[in-house]
Amino acid sequence: MSFDALDLSILGPAFCAGLLVLATHVPMGQQVLARGIVFIDLAIAQIAGLGVIAADALGWEPQGYAVQIAAVGAALVGALILTLTEKRWPEVQEALIGVLFVLAACAGILLLANNPHGGEHLKDLLVGQILWVSYRQLLPVALLTVVILVLWFGTGTRLGRFGFYGMFAFAVTAAVQLVGVYLVFASLIIPALASRFHVARRRLVIGYSVGVLGYAVGLALSAVLDLPSGAVVVWALAACGIVFVWVMGGKVKRS
């Protein structure tokens, strides 16, 4: 254990990355919970990751625009599929989302089967490398986040099915390359769960509070204890969510 590891030059960009992910995922998570399609984030994130893996298999530059286009393109295809399935088979949409996730995950494993660094690539995709994020990487993500939030709060239900899934595709594609699949899912669902029993006007405040505190505590603990940051932040988000539910539970009952 070393408190010298609390280096803001490393933790600062990582924390900002978390804030950008939370900015879009907290309101989207509340909508996902209301629609009963909890695993959509995992599915879209896995599909976007499949696009990254496919681009890598083709030998494209890891940080180039071609990889970003491949990731977004794959995620948009996934969004289109989910739009069609929700329209055709709404009663089994959650099950179909799960199937899509498994298919994308297995396709990624198959593409990495003959890659000597496949295991490492898969770990990075799932757990993420949030501590390696730089402020320069965050600039385009910040611009995309602003656009998504303006559309999300400005248009609301007028987005339609594909608009909803399409925005999800863009938000998740950017997020998964910053923090990994697991942390993207935790950022979407845990704040939404912690705030779900509150009145609508308080849900966003509580959701963002849980998320920000979870990232701050998780990143600090991972640095001090020298543990994988993504996994620690997921547990910190869960712990903060439980604390908020426990502390705020009485207030909900009295309101």
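**Labels and their grounds**

Me: Why is D226 called exposed?

Reply: This is a predicted model. D226 has 69% relative accessibility. Exposed means over 50%, so D226 counts as exposed.

Me: Where is D226 found, and what is its phi?

Reply: D226 is in the loop between α9 and α10 (229-254). Its phi is near 55°, a positive value in a residue other than glycine.

Me: What makes G218 buried?

Reply: The relative accessibility of G218 is 0%. The cut-off for buried is under 20%, so G218 counts as buried.

Me: Which helix holds G218, and which residues is G218 in contact with, leaving aside its neighbours within four places in sequence?

Reply: G218 belongs to helix α9. With those neighbours left aside, its contacts are V232, V233 and A236. Contact here means heavy atoms within 4.5 Å. The C-alpha atoms of G218 and W235 are separated by 7.5 Å, and the two residues are 17 apart along the chain.

Me: Why is C106 called partly exposed?

Reply: C106 has 40% relative accessibility. Buried is under 20% and exposed is over 50%. The value for C106 falls in between, so C106 counts as partly exposed.

Me: Is C240 buried or exposed, and on what relative accessible area?

Reply: C240 has a relative accessible area of 9%. Buried means under 20%, so C240 is buried.

Me: How many disulfides does a search of the whole structure find?

Reply: The search finds zero. A pair of cysteine sulfur atoms would have to lie within 2.5 Å to count.

Me: How do you know what span to expect of helix α4 (residues 93-112)?

Reply: The helix has 20 residues. The expected span is 1.5 Å times one less than the number of residues.

Me: Which residues of α4 are buried, and why are they said to line one face?

Reply: The buried residues of α4 are Q93, I97, L100, A104, A105, G108 and L112. Seen down the helix axis, they fall within an arc of 130°, so they line one face of α4. The face turned away from that buried side carries L103 and L110, which are exposed.

Me: Why is α2 called largely enclosed?

Reply: Of its 18 residues, 13 are buried, so the rest of the structure largely encloses α2. Helix α2 (residues 40-57) reaches 25 Å from first C-alpha to last, close to the 26 Å expected. G59 follows α2, and its phi is positive, near 85°.

Me: How many helices and strands does the protein have?

Reply: There are ten helices and zero strands. Of the 255 residues, 45% count as buried. The accessible surface comes to about 13,100 Å², and 71% of that belongs to carbon and sulfur atoms.

Me: What share of the contacts with a separation of 6 or more comes from residues 24 or more positions apart?

Reply: Residues 24 or more positions apart account for 78% of those contacts.

Me: Which elements have the lowest and the highest mean pLDDT?

Reply: Helix α5 (residues 118-127) has the lowest, at 64. Helix α9 (residues 200-225) has the highest, at 92. The protein averages 84, and 88% of its residues score at least 70.

Technical notes. Residues numbered from 1 in each chain as written. Predicted model: local features only at pLDDT ≥ 70, side-chain atom pairs only at ≥ 80, totals over all residues. Heavy atoms only, no water. Helix = DSSP H or I, 4+ residues; strand = E, 2+ residues; numbered from the N terminus. Buried < 20%, exposed > 50% of the residue type's maximum accessible area, 1.4 Å probe, protein only. Arc of directions from axis to C-beta. Areas by Shrake-Rupley, 256 points an atom, 1.4 Å probe, with all protein chains shown as cover. pLDDT = per-residue confidence, 0-100.
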